[in-house]
Amino acid sequence: MFLLAVQLGNSQDLLTKEEAISYTLDNNLGIKVANNNTEIASNNAGVLNSGYLPTLTGNAGANFNKENTEGQLANGDVRSADGVESRRYNASVNLNYTLFDGLGRLYNYKSLKEESNLTELQARETIETTILQLFSVYYEVARLTENTENLRQALEISKDRLKRIKYQFEYGQNTGLDVLNAEVDVNTDSINLLQAEQVLKNTKRDLNLIMNRDLAAQFKVDTLVKFTPDLVMEDMLNRAQENNVVLLQAEKGILINEYAIKATRGGFLPVVGLTGSYGWNQNQNDNPLAFTIENTTSGLAAGVNLSWNIFDGGRTITQYKNAKIQYENQELQKKQVELTVERDIRNAWETYQNALFILKTQETNVKTSLNNFNRTEERYKFGTATNLEFRQAQINLLNAVLAKNQAKYTAKLAELQVLQVSGQILNVDF
């Protein structure tokens with residue numbers, strides 16, 4: 001009897017779909033890079049990069065002079081000194097703070113916040129794309145696993161037929177040509193199995209690569225496929241408006257450009273700043289002509305300054321006009337994205353529906369081919385079916401099973417494509 005179910009051995013650990021997702025989220029290099037970029041954007045959007053905090057600088061210095069001096073007093077006496085030393089020391093702490101800069105700082109800060117949110121959406125897009133890639137390979141491993149087992153069963157059937165024909169040949173019931181044909185069939189099935197096993201090994205390494213783990217790690221996969229029930233295209237379209245990650249990025253881009261316009265408009269307003277300092281100075285002078293030989297001062301200073309760039313040659317006006325054009329471009333891009341997303345959903349939905357229909361048809365074909373194979377096998381045992389008829393029934397059943405497996409995983413991947421475009425792929429049970 002030709003078995004349609006795959007019997008998985010216990011020599012390898014089962015890699016469940018949940019474990020595959022966990023491995024990928026934790027270790028995939030592309031996702032790690034995306035997460036690092038998100039962290040950088042979060043740092044940029046922090047208060048330390050906002051311009052709202054004051055700047056504090058410290059300065060210190062020392063000077064030393066050694067010189068000869070000569071001077072005449074009021075009574076006409078002349079005095080001179082050689083090697084007179086003078087020393088000057090100073091230290092200060094200076095504070096600068098912008099009180100008002102035309103609201104440019106405010107909108108730049110808001111823009112940085114939205115850029116951080118945009119980077120999170122970009123990371124989510126990377127995750128969604130990687131998860132879809134993961135399952136395209138995971139289900140390919142599952143398909144090849146089932147195909148390999150079916151090819152192995154086909155080889156066993158061909159080997160049994162070869163033994164039967166050899167026995168019949170020994171008793172004169174078959175010709176040598178029948179034996180040769182059966183041997184050719186065994187060789188053909190052996191080659192098909194060997195090639196399938198090699199492709200399966202290569203595909204498993206592809207899956208390990210996506211999960212960023214040891215490429216030589218051995219495992220088996222879950223071949224059970226569950227389809228998400230009650231999917232409705234109109235519902236997918238509505239969900240995409242709220243959850244499609246590309247569309248959400250376009251909306252963030254509009255908001256960022258809106259803040260850019262407001263920040264640029266702030267260049268038409270004055271800037272008000274606050275300054276403050278604390279300083280200490282000391283002068284030491286050994287000059288006998290000096291009134292004092294040491295002088296020390298210290299104290300606080302504070303001030304408010306205003307600057308207004310009344311006209312900068314048209315630079316700010318140009319930046320403002322360009323920012324408005326960029327905003328308009330971003331709105332046009334969003335409209336393009338909306339049309340693209342709707343098209344992608346409709347295309348993916350029709351592909352999914354066609355794949356489900358093909359799957360049902362292939363399942364019917366398998367039942368028909370299995371029934372035909374069983375009947376031919378019975379006739380073959382009683383000698384009423386030829387070797388050619390038996391082989392053809394075997395090939396027809398094998399092809400039907402392989403086609404059904406292909407249809408099953410094609411339909412599941414089509415479903416995942418619909419879920420990704422609608423923004424639901426991270427919220428479903430695989």
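**Reading helices, salt bridges and spread in a predicted model**

Modeller: Let's start in helix 3 (residues 104–170): E128 and R124 sit four residues apart there, so about one helical turn separates them. Helices here are DSSP runs of H or I with at least four residues, strands are runs of E with at least two, and both are numbered from the N terminus. Bear in mind that this is a predicted model, where local features need pLDDT of at least 70 and side-chain atom pairs pLDDT 80 or more, while totals for chains, interfaces and linings use all residues. Residues are numbered from 1 along each chain as its sequence is written, and side-chain values use heavy atoms, leaving out hydrogens and water.

Biologist: OK, so how do the side chains of E128 and R124 meet?

Modeller: The general idea is a distance rule: a salt bridge needs a side-chain nitrogen of Lys or Arg within 4 Å of a carboxyl oxygen of Asp or Glu. E128 and R124 form one, at 2.9 Å from N to O.

Biologist: And is E128 buried or exposed?

Modeller: Go by relative accessible area, with a 1.4 Å probe and protein chains only: under 20% is buried, over 50% is exposed, and anything in between is partly exposed. E128 comes out at 2%, which makes it buried.

Biologist: How many salt bridges does the rule give?

Modeller: The count is 17. One of them pairs D189 with R391, with 3.0 Å between the closest N and O atoms. D189 belongs to helix 4 (residues 176–211) and R391 to helix 8 (residues 387–421), so this pair ties together parts 202 residues apart in sequence. Both ends are buried: D189 has 5% relative accessibility and R391 has 11%.

Biologist: Which helices does the salt bridge between E251 and K334 tie together?

Modeller: First the distance: their side chains meet at 3.7 Å, N to O. E251 is in helix 6 (residues 245–265) and K334 in helix 7 (residues 315–381), so parts 83 residues apart in sequence are tied together. E251 is partly exposed, at 31% relative accessible area.

Biologist: What does S369 touch, beyond its neighbours within four places in sequence?

Modeller: Contact simply means heavy atoms within 4.5 Å. S369, placed in helix 7, is in contact with N396, L397 and A400. S369 is buried too, with 14% relative accessibility.

Biologist: And where does A302 lie?

Modeller: In strand 6 (residues 294–307). A302 is exposed at 74% relative accessible area, yet still touches T275 and G276, leaving out residues up to four places away.

Biologist: Zooming out, what pattern does the protein chain follow along the sequence?

Modeller: Eight helices and six strands, in the order β-α-α-β-β-α-α-β-α-α-β-β-α-α. The radius of gyration is 41 Å, well over the 22 Å that the globule rule gives for 430 residues, so the chain is more spread out than a compact globule. That radius is taken over C-alpha atoms, and the globule rule is 2.2 Å times the number of residues to the power 0.38. Along the principal axes, the C-alpha atoms fill a box of roughly 155 × 50 × 30 Å.

Biologist: What share of the 430 residues is buried?

Modeller: Buried residues make up 38%. As for contacts between residues at least 6 apart in sequence, 81% join residues at least 24 apart.
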